[in-house]
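User: I have a structure open and want to learn how to read it. Can we go feature by feature?

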Amino acid sequence: MTPSDPSPSSILVDVELPAPAPLPPKLVAALASLRVVLVGWYAVPEQTSPAQARDQFGAEAQAALDTVARRFAEAGATGTTSRLVFTGSKFDTLTRISTEEDCDAVLIPGTLERLRRLLVPLRGLQNAGHIVPFVADLVQDGGTTNVTLLHVLQEEETEAGVQADLFGPVVEQLAAQGVQTDLVERRVVTTDDPADTIVEAAAHHDLVVLGETKPSVRSVLFGTVPEHIVRAVDLPVVVVRHEEDDVTVAERAAQSDAH
Amino acid sequence: MGQESTAPDRTDAGPTDAGDAAVGDAARGGELERTLGLTQALAIGTGTMVGAGIFVFPGLAAGEAGPAAMLSFALGAFIALLVALPTSELATAMPESGGGYYFVSRALGTLPGCMVGLGQWLGLVFASAFYLMGFGYYLRDLATELGLGVPVPVVGMALATAVLLTGVSITGTENTGDLQNWIVASLLTLLGGFLGHGGLDVLGVFGREQVPEAFFPYGVLPVFTTAALIFTSYLGFVQIATVAGEIKNPARNLPRSMIGSVVLVGLLYVLTIFIGTSLLGSEQLSSLGETAIVNVGRAIAGTFGAAALLGGGLLATLSSANASILSASRSIYALSRDDLVPRSVETLNKRYRTPHVALLLAGGPILGLILYGRVEILAEVASLLHLVMYGLICVALLVLRRADPDSYAPSFRCPGHPVVPALGALASFGLIGFMNPLSIVLGGLILLAAAGWYLIYARSVTLSELSS
């Protein structure tokens with residue numbers, strides 16, 4: 001998405017039916033500036049035909065999903081899309097809809113009392129290209145949210161280089177999209193364990209916006225870095241999808257297919 | 001931004017392209033995710049079939065036809081293939097849950113549909129009882145191998161297992177699909193290893209001498225009667241069509257999984273009989289009964305071989321029985337959706353979200369059938385009920401191709417039309433003629449009862465899309 005694009009970034013929010021876990025009101029409010037794609041999923045065991053579950057539980061599930069949609073509408077969200085799906089695989093459903101609805105990010109809910117400090121770990125410019133427009137759309141509150149940009153120094157990098165080549169353009173773009181630059185903190189750290197460093201930093205923040213990682217040997221063996229962080233952190237985490245995501249999604253779908 | 005405000009009660013239709021991942025249906029409130037890939041579809045077909053053909057029938061079949069029993073299995077595979085091709089076309093044209101019942105009721109009308117649907121349900125119930133008896137025999141052999149002095153009651157174990165399986169299907173919310181895949185994969189690996197080694201052994205690679213024997217010790221006719229007997233080993237592929245609504249990319253995966261599973265199990269069956277009769281001779285194989293394959297394993301790899309195939313037999317018969325119970329419950333659901341049986345049958349359990357009534361209607365009759373106890377008759381009646389459906393599926397294809405309604409747009413087209421479906425129908429109906437008279441009488445009575453049910457209960461229902 002380019003800064004001139006008038007439509008806001010989109011986020012997928014999954015809603016487990018028929019009894020969704022309540023979303024913190026502040027989180028609903030924080031997401032209201034985005035185009036929200038609500039995916040209500042109703043888990044169907046393999047003994048049951050999804051059509052059969054829809055016949056019997058469709059009305060109840062739709063009502064529960066509507067209640068959640070109404071909360072977003074009341075918080076000022078516009079253009080919200082609701083999709084109700086009866087599924088034997090939550091993963092398949094969310095993967096499919098995030099592609100179909102062209103979602104920029106996926107929400108992993110957590111507790112949120114107020115949104116004042118946002119943590120944005122960045123790996124590099126390419127990764128930042130997807131995250132920054134999303135952050136700008138999220139922080140449309142007239143300058144009350146602090147944004148911490150965090151970069152873990154790689155072997156071949158210098159701190160000055162990162163400030164100039166990564167944070168420079170990022171802050172410029174944030175400013176161009178209306179974010180007050182005095183609220184942006186730039187942090188470069190040296191560490192052996194990026195995931196743990198991010199988890200530690202998250203303790204002093206209210207929400208984390210992360211980029212999705214591509215499958216790598218490490219991610220196959222130890223789980224992807226976002227997954228590791230999501231499990232360790234109680235905050236809401238927003239995972240921003242890659243553009244080459246179609247490939248990633250296809251690969252992961254193929255993996256789950258093989259199981 | 002902002003041009004469209006959210007109406008909270010808005011229902012998004014989602015994609016309506018049925019070939020895609022989900023079937024959108026806004027009017028009925030909600031999309032249905034397709035979650036089964038090619039592997040899972042193959043596992044459903046193979047898992048339902050492999051239990052009977054390898055782990056129960058070899059001894060019985062060799063006793064009837066001698067080494068020529070391998071021709072019986074090959075003939076069975078050929079007939080199954082003649083039916084799998086038309087079924088694939090129909091399933092891609094109507095990727096709806098319900099399978100054979102759905103095609104026949106839409107193309108030929110409600111009465112044949114009702115007979116096929118009730119026949120499929122009862123056929124699966126009969127087959128499941130048969131697999132559970134096989135499971136009981138394997139448990140008994142296990143006790144013998146372990147040297148337990150206690151005699152294991154086969155019928156009692158089969159009954160207990162039927163109750164257990166039904167209970168687990170009703171209350172189990174864990175996804176066992178992965179487990180089923182693992183079971184099928186390990187069975188195929190096990191069989192591949194044994195049959196590969198056994199095959200080389202038979203060919204004299206390891207210096208073994210074959211048991212010399214006439215190929216047709218009992219003449220040619222038993223080849224056909226045995227094919228009728230063992231046809232239960234080829235019921236599984238059509239169960240893939242009963243979950244067609246849940247298969248991803250059905251245009252590609254339905255034909256591949258149906259045809260693939262028939263070819264795969266057919267090869268395994270023929271090879272098993274070839275090796276079994278070569279190593280042990282058909283007389284000895286026959287005297288070993290339902291669990292003869294265990295001794296084939298012993299002949300190939302000693303105690304380890306016997307133990308491995310004993311374990312394989314337990315897994316295979318159990319997985320076939322379980323898959324059949326689940327498919328039987330699906331068949332009943334398809335009937336109730338069309339009001340051919342009371343709607344209350346499809347009620348889902350609120351807590352477990354499972355079709356507890358339909359599952360009980362599958363599991364309950366199994367208990368009675370196990371007590372009846374004549375496994376060969378059970379298997380033949382199951383085959384007969386399916387063969388009637390297979391024949392009518394082929395007829396349904398011939399009728400639909402001729403009528404060619406606008407809504408009929410299969411993405412897979414049966415090759416060799418109209419010869420293949422015509423042969424498929426003739427072969428399916430013809431094979432019934434080689435069955436035991438008692439099986440024919442029992443099967444005929446069941447079909448008559450199904451027709452009677454239609455006349456009494458469901459006469460007002462019209463399902464055919466071709467009528468008028």
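User: Let's start with strands. How many bridges join strand β5 of chain A to β8(A)?

Analyst: This is a predicted model, so every reading is of a prediction. Two bridges join β5 (residues 117-121) of chain A to β8(A), and the strands run parallel. One pair to find is A:L119 and its bridge partner in β8(A), A:V208.

User: Which strand do four bridges join to β8(A)?

Analyst: That is β9 (residues 237-240) of chain A, and it runs parallel to β8(A). Look for A:G211, whose bridge partner in β9(A) is A:V240.

User: How do I read the two sides of a strand? Which residues of β8(A) point one way, and which the other?

Analyst: In a regular strand the side chains alternate between the two faces of the sheet. In β8(A), A:L207, A:V209 and A:G211 point one way. A:V208 and A:L210 point the other way. All are buried. The strand, residues 207-211 of chain A, is mostly covered: five of its five residues are buried.

User: Now a helix. Which residues of α5(A) are buried?

Analyst: An α-helix has 3.6 residues a turn, so residues three or four places apart point the same way. In α5(A), the residues A:V162, A:L166, A:V170 and A:L174 are buried. The buried residues of this helix pack against α4 (125-138), β6 (146-152) and β7 (184-189) of chain A.

User: What span does α5(A) reach, and where does it bend?

Analyst: Compare its reach with the expected one. Helix α5 (residues 159-176) of chain A has 18 residues and reaches 24 Å from first C-alpha to last. That is close to the 26 Å expected at 1.5 Å a residue. The helix bends by about 40° at A:F167. A proline, A:P169, follows within four residues. Just after the helix, A:G178 takes a positive phi of about 90°.

User: What about chain A as a whole? How many helices and strands does it have?

Analyst: Chain A has nine helices and nine strands. Of its 259 residues, 45% count as buried.

User: Next, cores. Which residues touch the most other members of the largest nonpolar core?

Analyst: They are B:I393 and B:A396, in a core of 156 residues. Helix α12 (residues 292-337) of chain B gives this core its largest share, 20 residues. Apart from it lies another core, of 73 residues, among them A:L27, A:L166, A:V179 and A:I198. Back to B:A396: leaving aside neighbours within four places in sequence, its contacts are B:L90, B:F103, B:V104, B:A107 and B:L108.

User: Is B:P415 buried or exposed, and why?

Analyst: Count C-beta neighbours. B:P415 counts as exposed because it has 9 of them inside 10 Å, and the cut-off for exposed is 12 or fewer. B:P415 is found in the loop between α14 (375-403) and α15 of chain B. Beyond four places in sequence, B:P415 touches B:L85 and B:V420.

User: Last, confidence. Where is it lowest and where highest in chain B?

Analyst: Where pLDDT is low, the predicted coordinates should not be read in detail. In chain B, confidence is lowest in strand β1 (residues 22-23), at a mean of 40. Confidence is highest in helix α15 (residues 419-432), at 96. Over residues 1-28 of chain B, pLDDT stays under 50. The mean for chain B is 86, and 91% of its residues reach 70 or more. The model scores ipTM 0.83 and pTM 0.84.

Key
Residues numbered from 1 in each chain as written. Chains lettered and ligands numbered in written order. Predicted model: local features only at pLDDT ≥ 70, side-chain atom pairs only at ≥ 80, totals over all residues. Expected span 1.5 Å × (residues − 1). Bend = angle between axes of the 7 residues up to and from the residue. Buried ≥ 20, exposed ≤ 12 C-beta atoms within 10 Å, placed from the backbone. Contact = placed C-beta atoms within 7 Å. pLDDT = per-residue confidence, 0-100. Pairing = 2+ DSSP bridges. Core = buried A, V, L, I, M, F, W, Y, C linked by C-beta atoms within 7 Å.
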